[in-house]
Amino acid sequence: MKNIGNVFILGDSYSTFEGYIPEGYSPFYTKDAEYTNVNDVKDTWWHRLLSETESNLVRNSSWSGTTICHTGYNGEDYCEISFTGRFDKLANDGYFEKNKIDTFFLFGGTNDSWADSPIGKMLHSDWTKEDLYNVLPAIGYIFSRINEVLKDTRIICIINNELKSVITDALKDTAKRFGIECVMLKDIDKIEGHPTILGMEQIKNQVLDVL
């Protein structure tokens, strides 16, 4: 399998593992987790992918429970930890100018679906901060922003199965609008909504199929 170079992941619980995400970020997967059988980083989808492609992880910017939009669980304000908030902070700080990224994975939307974040209406330009508290405008924004900042990077959107159809469709359609590749996950083995070791292997294989 071809090396995919320097890899950046923008994700949620599915891509976390304690000690492998930035300090202060919340992991779902840990060495001592009792509610999942994934308790070794080598069992995560991304570690398996990097190992098989002999590629380099530059940053795993994944935070358990986070939404793409700024509205989290129970209507909480996630503007500091949302996908859009995290990406903007790095971009504004010049992170992507200092670090060459060859392959960028966006793997989100699960918590927007589970948290019943407000859907809103799709926007492809002229967003306000208030717009980004809604799922569809935030999806339009994050794709546009990543595409703008990472012009020479291969961008891949991984779309979970079992999301609200409006969110799945928005991710797929907006990715197509920007010429971004999609991995449409199917038949992933899970415990309480989260991938098992088998599920992680299935995700990795389905990503490899697209790569």
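1. The backbone oxygen of Thr53 lies 3.5 Å from a polar atom of the Asn3 side chain, and the backbone nitrogen of Gly5 lies 2.5 Å from a polar atom of that side chain. A polar contact here is a pair of N or O atoms within 3.5 Å; within protein, one must be able to donate a hydrogen and the other to accept it, and residues adjacent in sequence count only if both atoms are side-chain atoms.

2. A word on the basis. The model is predicted: local features need pLDDT of at least 70, side-chain atom pairs count only at pLDDT 80 or more, and totals for chains, interfaces and linings use all residues. Residues are numbered from 1 along each chain as its sequence is written, and side-chain values use heavy atoms, with hydrogens and water left out.

3. Asn3 belongs to the segment before E1. Helices (H or I, at least four residues) and strands (E, at least two) are DSSP runs, numbered from the N terminus. With a relative accessible area of 41%, Asn3 is partly exposed; buried means under 20%, exposed over 50%, and partly exposed in between (1.4 Å probe, protein chains only). Setting aside neighbours within four places in sequence, Asn3 is in contact with Thr53, Glu54 and Ser55, where contact means heavy atoms within 4.5 Å.

4. E3 and E4 pair in the parallel sense over four bridges, and Phe105 stands opposite Ile156 in E4.

5. Beyond four places in sequence, its contacts include Phe8, Ile9, Leu10, Gly11, Arg86 and Leu90.

6. The largest nonpolar core has 30 residues, and Phe87, Phe96, Phe104, Leu106, Phe143 and Leu171 touch the most other members. Such a core is a set of buried Ala, Val, Leu, Ile, Met, Phe, Trp, Tyr and Cys residues joined through side-chain atoms within 4.5 Å. Elements that each supply at least two of its residues include E1 (6–11), H2 (83–92), E3 (103–107) and H6 (165–177). H5 gives the largest share, seven residues. A second, separate core of 25 residues includes Phe105, Ile158, Leu185 and Ile203.

7. H2 is mostly covered, with eight of its 10 residues buried. Among them are Phe83, Arg86, Phe87 and Leu90. The buried residues of H2 pack against E1, E2, H3, E3 and H5. Not counting residues up to four places away in sequence, Phe87 touches, among others, Leu10, Phe96, Phe104 and Ile142. After H2 comes Gly94, whose phi is positive, near 80°.

Notes. Two strands pair if DSSP finds at least two bridges between them.
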